Amino acid sequence: MWFRNRSYAAEWRTMNRKRALKCDTFCGKRGRSGAAEPLPAAAGGGGVAAGDRGDRVGGALDIKASLEHIMSLLPGKLWSDTVPRIALKHQLYSLHRDRTRVDRHLNELREQGDVLMFQLGFDSESVAVVFAADFKAKVLAAEVGRATQGPVEKFLNTVLASCCDMSVDETKMLQEFLFADSEITQLVKCGVLTVKDAGSWWLSIPNSGRFTKYFIQGRKAVLGMIRKSKYSEMLKSDLEGRQTTSRVKFHIQYHIHDIVGAELVDCIETTAGVLLRFADS
Amino acid sequence: MLSGGADGVVVIYDLENHSRKPHYTCKAVCTVGRSSRHVHKFSVETVQWYPHDTGMFISSSFDKTMKVWDTETLKPAEIFQFVENVYCHQMSPIARKHSLIAVGTKNPKVQLCDLKSGSCIQVLQGHRGEVLSVKWSPRYEYILATASTDSSVRLWDVRRASGSLFTLDQFNGDPSKSSSEAANTAHNGRVNGLCFTGDGLFLLTTGTDDRMRLWETATGKNTLVNYGKVVNESRKGLKFAVSQGCSLEFAFVPCGSSVAVYAVHSGELVTMLKGHYSNVDCCEFHPDYQELYSGGKDSNILAWIPTPRPPDIEEEQDSKKGGSQVALNPAFEDAWSSSDED
């Protein structure tokens, strides 16, 4: 018999209790999966103790810890010293259930100047997150000895320090920050600014082209693995255990967080674990 | 309850549950069927009761007409003819001083028809695409929100001749976050659903970019509540509902063949209501019964009824009659009982 009259209120209350329990085991899962490094004990403990509902004092620290965890999934040997470690904002959604809270804490971190956010360009919704200190160090290291070092240092000290935006336009650069046209050209040349339209520029991560290429290749390959399997679905644990082709240069967990957070696959809870089903839309 | 179908038929149901059973079927009280002379020729898009009593209702359809019906005789008292397909209409639920019906059609101009005089008296210009949804504010009788395929949502004060009050901007006026094409848009695709919350202070909009956004109506600010991906493939307007009378407001949004229930202010997906066999097109919430009604392509209208939880029992003296602590959905309850009394 097909019961259609649902009691959504009753189910919501029982589900609410179930979710509170799941939170405790969730932090444990992070430790088990793949090459995840152990999270700093303070943030991990704070996360479990306080429960997931409502604002927590350690909320922003928790987001920071998740960002570090995601960045640790990037391979060490492939990563040259010129590119900072990049995480994508929607990867955080796969680690934390409440998206609005994640957004809010990330904005707090951004306002404090700990993280920087960039529009990556291949997707209007993908936003890259890097730690500010890491970014500045890598950019300066790449610029040592080159002619563009001066303007880049000036840029890092003035523009990044004061405004938290993802793009700047001409009037702002010329008047507020007193850059000359030639300096702006040099900034574009070394990759810190990318053209958006006439007279405005996106802030960007220099030398991030290789990252974007590998990222898109890897995402396509992982999605292809799921799509080719029977019924276009796979258990997450199976996917983690699969041998990846040479197209996938990053750790597969990085791509799993990406596709789950961007909702390119549906996560379905089953008795055998989480099932990832390709969402075609 | 008033409902309009894709075959042009309008049916009125009696929602009262006269049988004491937990599962019941609502009977149709009267219909304007295919045999009626005045029936709509094409799909009925929007139906609405006259806000002050049930003596009259208004229906608009893809046959480019909007008809004002007398419920008793089921004959149209007034027919408004339009040049293009009518996507939606609404009459203000709280209006005392005016009886304007806002109509959204394929034409970018929003038309305001007056019920008293029987003609279209005002046109709101500003949109650049088809108007998929119009909604009056439940707080101020002159404020109207319209959503269009040009990705923008505009708020109008109909007393003002000069144009819309403001356009909702998803980036809150921050030029740095958007590309130039996306500036001043509410969504990155067509905006096809609008719903005010019960107090009229917030507006929910859904778009074909698979996002739902919550806005403050007073300022037009995007509250940045993140609901995740709200699957939306509707080419016409999407009709969804927000609960009224609950302390935590819920939005009921049709997503594919189920109805998604979101907590409005926190953005969390509470549950998915599965029961339809095909796409769900519309949802409506009854504030007095606190029930949700959803209609879909499978020709079914389903009623979703919340089961109240029995009060928590402090002490359990007799375990036989104690009752369970966990709320049991009556649909899954055992009808068999070993005791003599039911």
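Predicted model: local features only at pLDDT ≥ 70, side-chain atom pairs only at ≥ 80, totals over all residues.
Figure 1. As for where it sits, look at the loop between β10 (110–114) and β11 (119–124) of chain B. Leaving aside residues up to four places away in sequence, B:L115 touches B:Y50, B:M56, B:V68, B:M91, B:S99 and B:I101.

**Figure 2. B:R154, a buried arginine with no salt bridge.** Now for a charged side chain. B:R154 belongs to strand β14 (residues 153–157) of chain B. B:R154 is buried, yet it has no salt bridge. What is the nearest side chain of opposite charge? That's B:D150, and it is 5.3 Å away, whereas a salt bridge calls for a nitrogen and a carboxyl oxygen within 4 Å. The B:R154 side chain does have a polar atom 3.2 Å from the backbone oxygen of B:G126. B:G126 also turns up among the residues that B:R154 touches, again not counting those up to four places away in sequence. The rest of that list runs B:H127, B:R128, B:L144, B:A145, B:T146, B:S164, B:F166 and B:T167.

**Figure 3. An open four-stranded sheet in chain B.** Follow the strands across and you get β19-β20-β21-β22, paired antiparallel. β19 (241–242) and β22 (269–274) of chain B are the edge strands; each has a single partner strand, so one side of each is left without a neighbour in the sheet. Strands of a sheet pair through backbone hydrogen bonds, and they can do that either parallel or antiparallel.

**Figure 4. Zooming in on the β20–β21 pair.** Here we're on strand β20 (residues 250–255) and strand β21 (residues 258–263) of chain B, which run antiparallel. How many bridges join β20 to β21? There are 6. For a spot to start from, find B:V253: it stands opposite B:A260 in β21(B).

**Figure 5. Stepping back to chain A.** Chain A has 12 helices and 9 strands. Of its 281 residues, 47% are buried. Take the contacts in chain A with a separation of 6 or more, and 62% of them are between residues 24 or more positions apart. The accessible surface of chain A is about 13800 Å², with 54% of that belonging to carbon and sulfur atoms.

Note on methods. Residues numbered from 1 in each chain as written. Chains lettered and ligands numbered in written order. Heavy atoms only, no water. Helix = DSSP H or I, 4+ residues; strand = E, 2+ residues; numbered from the N terminus. Buried < 20%, exposed > 50% of the residue type's maximum accessible area, 1.4 Å probe, protein only. Contact = heavy atoms within 4.5 Å. Areas by Shrake-Rupley, 256 points an atom, 1.4 Å probe, with all protein chains shown as cover. Pairing = 2+ DSSP bridges. Lys, Arg positive; Asp, Glu negative; His and termini not counted. Polar contact = N/O pair within 3.5 Å; in protein donor to acceptor, adjacent residues only side chain to side chain.
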